[in-house]
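I opened this entry to record what I looked up about the nonpolar cores and the disulfides.

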Amino acid sequence: REGDAATRRSGWWPAFVALLLVVTVAGVWAVQQGGSRPSRGAEVAPGASPSPSIPPIARQQVWTSDTRSSGTYLLNTVTAAPQLPAPATLRYVVKVEDTVSVAPDEAAAEIQRTLDDPRGWAGYGKRNFALVADESKAGVVIYVASPSTTHELCKAADVGFAWSCSDRTRIVLNADRWRFMTPTYDDLGAYRSYLVNHEVGHYLGQGHVGCPQPGNKAPVMMQQSIDLAGCSRSEERRVGK
């Protein structure tokens, strides 16, 4: 009888341990998944959004995808207060076209992280930037749109299907550039920072500049997506003036 009981115990114990392990792993996964979703209207600490898989062709040329245009947008639900002091605050929202594989809250958080960086436009101390979730309270809308929609929204700037644009009412980021960058860059996060600051610079009234001298760090208002013209990419993200 004692041998039978020991056999029953030895057969039951591994099964119990396995069940306990499954329950523990499932609990950890649920906590991680729950923690990764910001609550509606909550203020978030901006962080980098996930990098997509970049097709090899997009590393060889400025590539245009076949992302469908819908003209329908998803608005960010998270908010972020400015991290740098300034006498004026520019409030904005982010609207992502619903056919683009970009989460509005993730894009908005990464944009705010760029705008909060002291190497960016807020570093001048003239203005800072606040991410809001109510379009009626925003001074400008930042769009992340498909190439076809960008082409329509940017007709006045004649950017075709490849580039981005901004004017005094909106900033339009081409989703292909946001997702796949250009061959002049090899770091997607750095390229996104450049893209945001370049188009925000246009919104603030800045024009294009060239490479000051071969070997110098490229100014943010230089068209780095096309050609670095002998300059080097730089962590300095603003115009040198």
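I took a nonpolar core to be a set of buried Ala, Val, Leu, Ile, Met, Phe, Trp, Tyr and Cys residues joined through side-chain atoms within 4.5 Å; buried means under 20% relative accessible area, exposed over 50%, partly exposed in between (1.4 Å probe, protein chains only). The model is predicted, so local features need pLDDT of at least 70 and side-chain atom pairs count only at pLDDT 80 or more, while totals for chains, interfaces and linings use all residues. Residues are numbered from 1 along each chain as its sequence is written, and side-chain values use heavy atoms, with hydrogens and water left out.

Entry on the cores. I found 34 residues in the largest nonpolar core, where Tyr92, Val94, Ile111, Phe129, Leu173 and Trp178 touch the most other members. Elements giving two or more residues to this core include β2 (89–97), α2 (104–116) and α5 (188–203); helices (H or I, at least four residues) and strands (E, at least two) are DSSP runs, numbered from the N terminus. I noted that α5 gives the most, with 7 residues. A second, separate core has 9 residues, among them Val132 and Val159.

Entry on the disulfides. I counted 2 disulfides (cysteine sulfur atoms within 2.5 Å). Cys154 is joined to Cys165, S to S 2.0 Å, and this link is left-handed, with -80° about the S-S bond. Cys154 lies in the loop between α3 (147–153) and β5 (165–166) and Cys165 in β5, so the pair ties together parts 11 residues apart in sequence. Cys211 is joined to Cys231, S to S 2.1 Å; that link is right-handed, with 90° about the S-S bond.
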